[in-house]
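Dear colleague,

I am handing over the structure below, and I would be grateful if you could read the notes that follow alongside it.

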Amino acid sequence: MARKEPARKDKPPVRRKSWAVRLIRNVLLWILPVWAVWALATPVYNRFLATAAENLLHIFESPNVSDLLVQGAHRAHVQRLDFPPARSLVGSIRVTDLHFHLVLLGALFLGVPGVPWRQRLSNLSWALLLSVFFHLLLFVFWVQFVYATQLGAWSLAHYGPFARNLFGLGKHLLDLPFKLSLPLVLWAAFYVGRMMEELRK
């Protein structure tokens, strides 16, 4: 008589972590490495932004009167060459504050699960290029904001109400909601479709 084998209990299937959980985990793992690269590149990038923004300002000036002087690794001073030397320095900006959000942007793009490395790096490169244009626009608006609203009678004499409102509102919008949301907006532009597919599984 054949012996009856005891029924085997099937092991429950291993549940794979959801795509969203893996994304959050990967982003947290990438934050520190991306921050280290950003911190090392910041002095060079700040000088590039100051030089490029100065050249953009000169396109609309005749003669060229704006001079962006980089001091140290993080700060730039705005100088107007048509002002007396004692009053030529009209403002200063911490250039690093324009682009610290690149840390989150890099971590988001590198942390996307299930995407080949070549595609991740390609998408990150496009996002970084778009960010450079945004930083230059913000820098120019910041300088124009100083000229249009911070120099008292000179600002009133050289900038009308529309220009003062344009540069004042534009600077604040670019520097707060637009800058802080830019990493998420760029990430969504590349990956929102994939995210919706993964969440529906």
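Read along the sequence, the protein has the pattern α-β-β-β-α-α-α-α, which amounts to 5 helices and 3 strands, where helices (H or I, at least four residues) and strands (E, at least two) are DSSP runs numbered from the N terminus. This is a predicted model, in which local features need pLDDT of at least 70 and side-chain atom pairs count only at pLDDT 80 or more, while totals for chains, interfaces and linings use all residues. Residues are numbered from 1 along each chain as its sequence is written, and side-chain values use heavy atoms, with hydrogens and water left out.

As to overall form, the radius of gyration (over C-alpha atoms) is 25 Å, whereas a compact globule of 201 residues would have one near 17 Å, by the rule of 2.2 Å times the number of residues to the power 0.38. The C-alpha trace spans about 110 × 35 × 25 Å along its principal axes.

Strand 1 (residues 66-71) and strand 2 (residues 75-80) run antiparallel and are joined by 6 bridges, pairing being called when DSSP finds at least two bridges between two strands. They form a hairpin with 3 residues between them, and Gly72 in the turn has a positive phi of about 70°; Gln71 has Arg75 of strand 2 as its bridge partner.

Trp126 lies in helix 3 and counts as exposed because its relative accessibility is 53%, the classes being buried under 20%, exposed over 50% and partly exposed in between (1.4 Å probe, protein chains only). Of the 201 residues, 41% count as buried.

Best regards
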